[in-house]
Amino acid sequence: MWKSFSKFVVLSFVLTLSDVSCEKAPVVRTPLGDVAGYYMTTRGGRQISAFTAIPYALPPIGDLRFKAPVPINQWENTLNASTVSPVCVQRNPYTRQEEIVGQEDCLYLNIYTPTRNNDVSDTSLLPVMVFFHGGGWMCGDGTTGMYGPHFLLDRDVVFVATNYRLGPLGFLSTQDEHCPGNNGLKDQQEALRFIQNNIESFGGDKNSVTIFGESAGGASVHYHMLSENSAGLFHKAISESGTALVPWAEAAPGEALRNAFRLAKFLDCPQAPSENMISCLRTKDSYDIINTEFLFYAWDYEPMTPFKAVIEPDHPGAFLRRSPRKTPNVPAVPWMTGLNKDEGCLKSVWITSNTSRYNEFMSAFETIAPVTFYYENSPYAEAITEKIRQKYLNDKDESALKNGILEMYSDSYFAYPAVDAVEKVFSYTKNPVYLYDLSYKATNSFSQIFGDEEGDYGVCHADELMHLFPIEFLSKPFSPEDIEISETIITLWTNFATTGNPNKPVPVPFKWEPATSPSKMEYLEINKESVMKSDLGARSRFWSTLPLWYNVRGRKFTDDL
């Protein structure tokens, strides 16, 4: 299975090239210089213009490693924007990838537009949708082979997908001016600035920019909603299966500096002062830096993301100056966010599909749970573990126990952070918040790459992506119902990007109402017959009763341990 997955990039590249028209390449004149792209054809047969591998920042190499991105300079000759963007240095833990791939010179983005010439008027500008990929801030990319425009560009939008730095190269922080942190998020921010300055040349409206992302990309979107320096760079936001409050994206107090020290030790660099640490780390090979990731894991690939978003010291370029759990000092924007019904299969499939791993997980739960659920440094770790066991593993039937593992990951990693984030948003804005839960089970599922090619694990984490993008490595043919659901989701997402309301301008056969309060949490269940329901993620509220570090600080937990 892993061999077939590793080949999808090559296959996707071939498919992308096959889309290229033999017509003369489209050329766009931008403030930075001319850009020559190529033509592609969408699922619906529409011919569009594609401009790929456009640099938006200087290569973050040498002295620029571990620094905020530096804007790209003007180019003299016509830029060839018909190549494949190099991916950032990474290794995919979700597929147990062993080899490291990519390069540090990776800050490129792709732009796809229905516009076929440079004759763009103010009245014809289209809404812009900017996608941030998932991958736990450890892996992923914005290339055409992974996130192509073939579905979205059947609607009148301009679509942008971007790379950003990953792992310690993108998220290392020494918690001081020498490496404040969040450089991967600052890369995204720089891409948004590039879009503000250049997107009109591609027919996009810089005053109607929607950022959207999945998993770590969804968390990224929410972080931009909280960042003072991102304010004004976008106008609507969509977070799919990820918010700023997920435990794998929000660094606990002391975690960032502790992991910076560990990284330095692994690479034989001084741990202090931080200036010396960073100077030494700049001399190390990027692959050696990424290769340390396995050294952070205590069990399997746990904890999943050693390097996360951090609160920075106050300085002019700070991405995040205050906790994401506090009311932000930025204007709110309309927000769409939601879940897939069985998110936890991202983690549970690998455990429950293999007898030895399942037995190991169950027998060593007291050791594994604090690591995988991010409370190993808690003074209440033993009590928390017992509470989790009672909630999800209080059954003797093996199928029920395996379902409990799915549910505990769904609730901890995705559902409760979404509920918590939405509750906080309600406390400071009256802008609409549209919630959803995808319960439609498609022919394909990402469980095919998370550990079991054939098993049925419900509607898995990332499954909505196949409805938005032509995910080539999910090899089973789409059913007519799959295509119908895909068209519906495309309409909802592009409607929201156009008007801030998923119900218009293109009609849908139901009414998606915004949520009205934390107590009701109304959401759209997306299925063959989509209907409104209440109390999104109700079961996951159990996690608010545990003395986890963020609950203790917010005094939310039930003190009965």
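The points below go through one predicted protein model, from its overall form to single residues.

1. Basis of the note. Because this model is predicted, local features need pLDDT of at least 70 and side-chain atom pairs count only at pLDDT 80 or more, while totals for chains, interfaces and linings use all residues. Residues are numbered from 1 along each chain as its sequence is written, and side-chain values use heavy atoms, with hydrogens and water left out.

2. Overall form. The protein has 561 residues, for which a compact globule would have a radius of gyration near 24 Å, and the value of 22 Å found here agrees with that; the radius is taken over C-alpha atoms, and the globule rule is 2.2 Å times the number of residues to the power 0.38. Taken along the principal axes, the C-alpha atoms fill a box of roughly 65 × 60 × 50 Å. The protein contains 18 helices and 14 strands, where helices (H or I, at least four residues) and strands (E, at least two) are DSSP runs numbered from the N terminus.

3. Among contacts with a separation of 6 or more, 74% come from residues 24 or more positions apart; contact here means heavy atoms within 4.5 Å.

4. Two domains. The assignment gives domain 1 (22-333) and domain 2 (338-355 + 407-555), and such bounds come from an automatic or database domain assignment. The C-alpha centres of domain 1 and domain 2 lie 23 Å apart, and the contact takes 49 residues from domain 1 and 50 residues from domain 2.

5. The second largest pocket. This pocket has a volume of about 510 Å³, where a volume is the space filled by probe spheres set on grid points that are joined across faces, edges and corners. On a 1 Å grid over the protein atoms alone, a pocket is an open set of points with protein on both sides within 12 Å along at least five of seven lines, whereas a cavity is a set where a 1.4 Å probe fits but cannot get out; lining residues have an atom within 4 Å of a point. Both domain 1 and domain 2 give residues to the lining, so the second largest pocket lies between them.

6. The lining of that pocket. The second largest pocket is lined by 25 residues, and Ala252, Arg258, Tyr374, Glu376 and Asn377 lie nearest its centre. The elements giving two or more residues to this lining are α6 (255-266) and α18 (549-554), and α6 gives the most, with four residues. By class the lining has 16 nonpolar, three polar and six charged residues, where Ala, Val, Leu, Ile, Met, Phe, Trp, Tyr, Cys and Pro count as nonpolar, Asp, Glu, Lys and Arg as charged, and the others, Gly among them, as polar.

7. An enclosed helix. Eight of the eight residues of helix α10 (residues 345-352) are buried, so this helix is largely enclosed by the rest of the structure. The buried residues of α10 include Lys347 and Trp350.

8. Backbone points to check. Most residues other than glycine have a negative phi, and most peptide bonds are trans. A cis peptide bond joins alanine 272 and proline 273, with omega about -5 degrees, and proline 273 lies in the loop between α6 and α7 (274-281). Another cis peptide bond joins glutamate 302 and proline 303, with omega about 0 degrees, and proline 303 is in the loop between α9 (293-296) and β11 (335-340). Asparagine 182 has a positive phi, near 65 degrees, and counts as buried at 0% relative accessibility. Tyrosine 374 has a positive phi near 65 degrees, and this residue, in the loop between α12 (365-372) and α13 (381-392), is buried with a relative accessible area of 17%.

9. Serine 215. This residue sits in the loop between β9 (204-214) and α5 (216-226) and counts as buried at 7% relative accessibility. Leaving aside neighbours within four places in sequence, serine 215 is in contact with Gly134, Glu240, Ser241, Gly242, Trp248, Phe414 and His461. Serine 215 and histidine 461 are 246 residues apart in sequence, yet 8.2 Å apart in space, C-alpha to C-alpha.

Note on methods: Buried means under 20% relative accessible area, exposed over 50%, partly exposed in between (1.4 Å probe, protein chains only).
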